[in-house]
Each structure stands twice: as C-alpha cells, then as structure tokens.
Amino acid sequence: MAATRFLIPIFLFIATFSLALGLTMPLMNVSKLYFFDENPSLVGLIAALWAGGDWLLAVIVSLFSVILPIGKLAVAQLAAAHEPIAARLLHRWIGILSKWSMLDVLLVALVIFAAKTSGLATAIAQPGLWFFAASAILSAIATHFIVQQEKAESQS
C-alpha cells in the first residue's frame with residue numbers, strides 16, 4: 001500500500017503533463033496525394049471544426065477530449081490529497097469518466113486505419129496521440145490506486 005501512495009502523485013503528474021502535450025502536439029500526419037501534408041493537434045482539430053461551422057461536433061469533441069479528461073484528473077488529484085468532497089465525487093464519477101477515457105485515442109486510431117485502407121491518404125500516428133493515450137492510461141491506473149487506497153482506509 002505504501003508503494004501505491006508513492007506512485008499516485010507521480011502517475012497523476014505524468015498524466016497531467018501528458019494530457020497537455022497530447023492536446024497540443026500533432027496527433028497524426030495525414031498526407032493526401034503525396035503533395036499535401038497536415039499535422040493536426042487535438043486543439044487545432046477543434047478550432048478547425050468550430051471555424052468550419054461544425055459547432056456541435058466541436059463542442060462534443062471538446063467535451064470528451066478536453067473537459068472530461070481535465071475534470072477526471074482534477075478530481076483524482078483532489079482525491080489523492082484526501083479531500084472528502086473529492087473522494088465522494090471520485091467514487092461517484094470515476095465509473096462514468098473512465099468509460100470515456102480512451103474514446104479519443106480509439107477514434108484517432110480509426111481515422112488512421114481508414115486513411116491507410118482508403119488509398120486516398122496516408123496517416124501516421126504522431127507523438128500527440130501517444131501522449132494522449134499515456135495520459136488516459138496513467139490517469140486510469142492512478143484513479144484505480146486511489147479507489148483501492150480509499151477502500152483500504154475505510155476498512156481500517
């Protein structure tokens with residue numbers, strides 16, 4: 001149990017740092033017709049959707065890609081600091097938030113797969129995707145450790 005108490009803040013710090021990099025670094029490199037290259041970041045994709053008039057899609061992507069991961073990390077960090085309100089929030093929302101934590105990574109992977117199989121473009125994963133995935137995985141591990149720690153403390 002002492003090892004997890006030590007690992008939780010490290011995982012949360014790395015997850016937060018990785019989320020920031022995952023949001024701002026390019027997610028993928030898309031080459032169309034061997035002449036046009038694009039390296040969109042998640043923030044850039046949301047801005048392009050908004051500028052293109054796809055407001056609803058921009059809001060949905062923002063909600064699931066930016067707001068929910070940031071909210072999950074914020075609640076997990078408060079719960080790791082043993083804030084009672086955050087602990088209750090974490091237990092209530094962790095199941096809901098965890099279900100959506102890898103959705104964006106899966107969607108980008110599907111876009112890369114679709115681009116590769118269509119023959120119209122080539123897509124290659126970029127560091128932003130890997131940082132985003134690392135953030136989702138590390139935050140899931142940290143929240144699991146927090147929940148286990150809370151259960152152990154409540155049984156004592």
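## Basis of the model

This is a predicted model, in which local features need pLDDT of at least 70 and side-chain atom pairs count only at pLDDT 80 or more, whereas totals for chains, interfaces and linings use all residues. Residues are numbered from 1 along each chain as its sequence is written, and side-chain values use heavy atoms, with hydrogens and water left out.

## Overall architecture

The chain has six helices and three strands, taken as DSSP runs numbered from the N terminus, with helices (H or I) of at least four residues and strands (E) of at least two. Along the sequence these elements follow the pattern α-β-β-α-α-α-α-β-α.

Of the 156 residues in the chain, 36% are buried. Among contacts with a separation of 6 or more, 68% are between residues 24 or more positions apart, a contact being heavy atoms within 4.5 Å.

## Helix H2 and its buried face

Helix H2 covers residues 42-51, and Leu42, Ile46 and Leu49 in this helix are buried. Seen down the axis of H2, the buried residues fall within an arc of 60 degrees, so they line one face of the helix; the arc is that of the directions from the helix axis to the C-beta atoms. An α-helix has 3.6 residues a turn, so residues three or four places apart point the same way. Just after H2, Gly53 takes a positive phi of about 90 degrees.

Leu42, in helix H2, is buried with a relative accessible area of 6%. Leaving aside neighbours within four places in sequence, Leu42 is in contact with Gly22, Leu23, Met25, Leu27, Val61, Ser65 and Phe132. The C-alpha atoms of Leu42 and Leu27 are separated by 6.7 Å, although these residues are 15 residues apart along the chain. Leu45 also has its place in helix H2, and, with neighbours within four places in sequence again left aside, Leu45 is in contact with Leu27 and Pro40. Leu45 and Leu27 are 18 residues apart in sequence and 9.5 Å apart in space, C-alpha to C-alpha.

## Packing of H3 against H6

Helix H3 (residues 55-80) and helix H6 (residues 127-155) pack at an angle of about 35 degrees, with their axes 10 Å apart. The axes are lines fitted to C-alpha atoms, for helices over the stretch in contact, and angles run from 0 to 180 degrees between N-to-C directions. H3 passes H6 in a left-handed crossing, that is, with the near helix turned anticlockwise from the far one by less than a right angle.

On the H3 side, Ser65, Lys72, Leu73, Ala76, Ala79 and Ala80 meet Phe132, Ser135, Ser139, Ala140, Thr143, Ile146 and Glu150 in H6. By class, this contact of H3 with H6 has seven nonpolar, four polar and two charged residues, where Ala, Val, Leu, Ile, Met, Phe, Trp, Tyr, Cys and Pro count as nonpolar, Asp, Glu, Lys and Arg as charged, and the others, Gly among them, as polar.

## Two buried serines

Ser139 has its place in helix H6 and counts as buried at 5% relative accessibility. Residues up to four places away in sequence not being counted, Ser139 touches Ala15, Lys72 and Leu73. The side chain of Ser139 reaches the backbone oxygen of Ala136 at 3.1 Å. Ser139 and Gln77 are 62 residues apart in sequence and 9.7 Å apart in space, C-alpha to C-alpha.

Ser62 lies in helix H3 and is buried, with a relative accessible area of 18%. A polar atom of the Ser62 side chain lies 2.7 Å from the backbone oxygen of Ala58. With residues up to four places away in sequence not counted, Ser62 touches Ile46 and Ile67.

Notes. Buried means under 20% relative accessible area, exposed over 50%, partly exposed in between (1.4 Å probe, protein chains only). A polar contact is a pair of N or O atoms within 3.5 Å; within protein, one must be able to donate a hydrogen and the other to accept it, and residues adjacent in sequence count only if both atoms are side-chain atoms.
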